[in-house]
Amino acid sequence: MAKTKVEFVCRECGSSQPQWAGQCLDCKAWNTLEEVVLSQATSSKPESLKDLPPSKVQNLSDIKSEHRQRLTTGLTELDRTLGGGLVDGSVVLIGGDPGIGKSTLILQAMAAINKTNTTLYVSGEESAEQISDRAIRLNIHEDILLLSETHLEKIIKLAKEVKPKVIVIDSIQTMVTDGSTSAPGSVTQVRDCAAQLTQFAKQTNTILLMIGHVTKGGALAGPRILEHMVDAVLYFEGDAGGRYRIIRAVKNRFGAVNEISVFAMGETGLVQVENPSAIFLSNQAKPSPGSMVMVTREATRPLMVEVQALVDQAGGNPKRVSVGLEQNRLALQLAVLHKHGGVATHDQDVFVNVVGGIKVNETASDLVVMLAIMSSLRDKVIPNDWIAFGEVGLTGEVRPVYNAIERLQEAQKHGFKVAIIPKGNIPKKAPKGLKIVPVEYLYQALQYMSENT
Ligand code: TYD
Ligand code: MG
């Protein structure tokens, strides 16, 4: 008998390793590796997919793009994040912490789509009554087809009968297929179910929305293991306790990545925030040390965010904690501050945080993070009408960033008065009332700060 081959897949990040270990080598999560039997290549399709229309060869030049209409979700902000709406036959994964509002958002979108198309909402977590309660709360009275089921073969069988335009699977981690004997929520089950559903969607040109919980502690396989299979991945950001939710496209085959939309959770569901520019500022009446504002522009719109830093005498091993920013970048920024700014933090705990639970992935945040750290360390208040942005290189140079003009205009619109920016970004004409402080090296920014605060 042939020896069965196994590999070990991380439930958090989906990376596979040939051997078991206590910690995932890639994402460093503990105790998340799960044994997966590599299936022997079989030519036979799963039973559920057998009577689908066969795939056919087409000529590239015969395929007309105007056929590809986008289906609107009724939420213009969500459509924008998706790149203009849902594309026929596309598979979208929507991930986020439990309780953040995934089911709410999707139910709202389904209500809009259902006005013109048949939609099927499959819930493996909630009963039809629970979904109905939510619909009443959201004031939704559409005839959305509901199915409370976790058995994949039954779901596909029903989908073949009712031929919906859109299928929602809430959540993919509750689904089980006959083809796999592993526990529900395990890597094998989640992957197999997602693969079959995706194949079904592609062959029948159905739009598939899969909801996935992001799990802390790795009891369930996280949605990251599915990212490579699907066309678009949306993640919810922001804390479930707060009012605002950010939805970010981390992958999109039909639009821009990193596009975000902002929603506010209210009594009757999620309401889109059409001009979210300034909502992530803490709006303290009296500015305090350690805080500074930057303008990010990761998506197609600028956004004002506030970076806060706390630097304090370390009790033992100095801590470096960064929330909402890249953790590894913090160590680098502290090293550059030391080498090129003459500021030592090796005996200090350093915490940095972006207000409002939003994540900033762009390197244009370097300068503002370093200035906020200095502000906390020296206990000097940065005036709350200052902004900064710029990437700081390992040699202490401040590098230009994209879309500087747009960032400056946004800052001016919100009444900011001073902008510390890379020299390479000096605009031909500065926005009225905004003083531009161009810096070529980090020390110049630090100098300006110490002379003017
Ligand atoms: P839900 O969509 O069930 O979250 P998920 O599917 O991501 O687990 O949303 C749950 C939270 O949202 C819950 O704490 C209640 C809150 N909520 C509101 O504040 N307003 C509303 O109108 C609804 C429907 C939910
Ligand atoms: Mg839910």
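Let's start where two parts of this predicted model meet: domain 2 and domain 3 share one salt bridge. A salt bridge here is a side-chain nitrogen of Lys or Arg within 4 Å of a carboxyl oxygen of Asp or Glu. Side chains of opposite charge can pair when their charged atoms come close. The partners are arginine 301 and glutamate 77, with 3.3 Å from N to O.

Residues are numbered from 1 along each chain as its sequence is written, while chains are lettered from A and ligands numbered from 1 in the order in which they are written. Because the model is predicted, local features need pLDDT of at least 70, side-chain atom pairs count only at pLDDT 80 or more, and totals for chains, interfaces and linings use all residues; side-chain values use heavy atoms, with hydrogens and water left out.

**The domains and their meeting place**

The domain bounds come from an automatic or database domain assignment. The table shows them.

| Domain | Residues |
|---|---|
| domain 1 | 1-40 |
| domain 2 | 72-272 |
| domain 3 | 279-452 |

How far apart are the C-alpha centres of domain 2 and domain 3? They lie 36 Å apart. In contact (heavy atoms within 4.5 Å) are 11 residues of domain 2 and 12 residues of domain 3.

The size of an interface is often given as the accessible area lost when the parts come together. Domain 2 and domain 3 bury about 1000 Å² between them, with 54% of it on carbon and sulfur atoms. Buried area is the accessible area (1.4 Å probe) that two parts lose on being put together, summed over both.

Three residue pairs, both at pLDDT 80 or more, are in polar contact between domain 2 and domain 3. A polar contact is a pair of N or O atoms within 3.5 Å; within protein, one must be able to donate a hydrogen and the other to accept it, and residues adjacent in sequence count only if both atoms are side-chain atoms. On the side of domain 2 that touches domain 3, two or more residues come from each of α1 (76-81), β12 (244-252) and β13 (260-266). β12 gives the most, with three residues.

**The whole chain**

Helices (H or I, at least four residues) and strands (E, at least two) are DSSP runs, numbered from the N terminus. The protein chain has nine helices and 23 strands. Its C-alpha trace spans about 75 × 55 × 50 Å along the principal axes. The salt-bridge rule gives a count of 20. In the pair described above, arginine 301 is in the loop between β15 (291-296) and β16 (303-313) and glutamate 77 is in helix α1, 224 residues apart.

**Some local details**

Glutamate 397 lies in the loop between β20 (391-392) and β21 (398-399). Its side chain makes a polar contact with the side chain of threonine 395 (2.4 Å).

Is the peptide bond from aspartate 170 to serine 171 cis or trans? It is cis, with omega near -5°. Serine 171 sits in the loop between β9 (166-170) and α5 (187-204).

Aspartate 379 has phi near 60°, a positive value in a residue other than glycine. Aspartate 379 is found in the loop between α7 (366-378) and β19 (386-388).
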